[in-house]
Amino acid sequence: RPTRRQHAASSDKTQTRRGAPPPLQGLQHIPGFSTSEIADEGVDKWSIVDNNEELRSKIVRTVEDAKAANPNLHAILLESTLLPSFSDSLRQKRGVPVFDAITLADYYAAASTDNPRFGQ
C-alpha cells in the first residue's frame, strides 16, 4: 500500500500527464473594454457594451486565438458581469458551453430549488 507521500507524487504525475491548467485570457487589451473605464461611466452608458459590434468581433476573435493556442478548449467562463451579452455570440461561433454570471445564477437557483416531478 503506498504511503501518503507516494500517493501525492503519483497524483502530481497524473496532473502533469493531463496537461497544463486551463488557459486564462483577459480582455484588457481591447480598447474601451477595461472594466475601470466602463465602471467610471454611469450605468446608463453601459449599453455601449451591448450594442458594440466591433467590440463583439474583437472578443470573439480573442476566443478564436485562445482556441488556436489551446485546442483542448471545451468550455468558456466569462467572469465579468459586462460579458453575458456576448455569450450567445461565443456559443454560436465556438459551439461549446459558455458560462457567465447569468447562467451560473440560473444553475445555482435550479440546484437549490425542489423539483416537484421527482421524489418527495
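What you see is a predicted model, where local features need pLDDT of at least 70, side-chain atom pairs count only at pLDDT 80 or more, and totals for chains, interfaces and linings use all residues. Residues are numbered from 1 along each chain as its sequence is written, and side-chain values use heavy atoms, with hydrogens and water left out.

Let's start with the whole chain. The protein chain has six helices and two strands, these being DSSP runs numbered from the N terminus (helices are H or I with at least four residues, strands are E with at least two). Along the sequence, the order is α-α-α-α-β-α-β-α. Of the 120 residues, 25% are buried; that means under 20% relative accessible area, while exposed is over 50% and partly exposed lies in between, using a 1.4 Å probe and protein chains only.

Now, on to helix H5, which spans residues 87–94. Its buried residues are Ser87, Ser89, Leu90 and Arg94. They sit on the same side of H5 because they cover an arc of only 160° around the axis, taken from the directions from the helix axis to the C-beta atoms. On the face turned away from that buried side, you'll find the exposed Asp88 and Gln92.

What covers the buried residues of H5? The cover includes helix H4 (53–69), strand E1 (76–77) and strand E2 (98–99).

Note on methods. Contact means heavy atoms within 4.5 Å.
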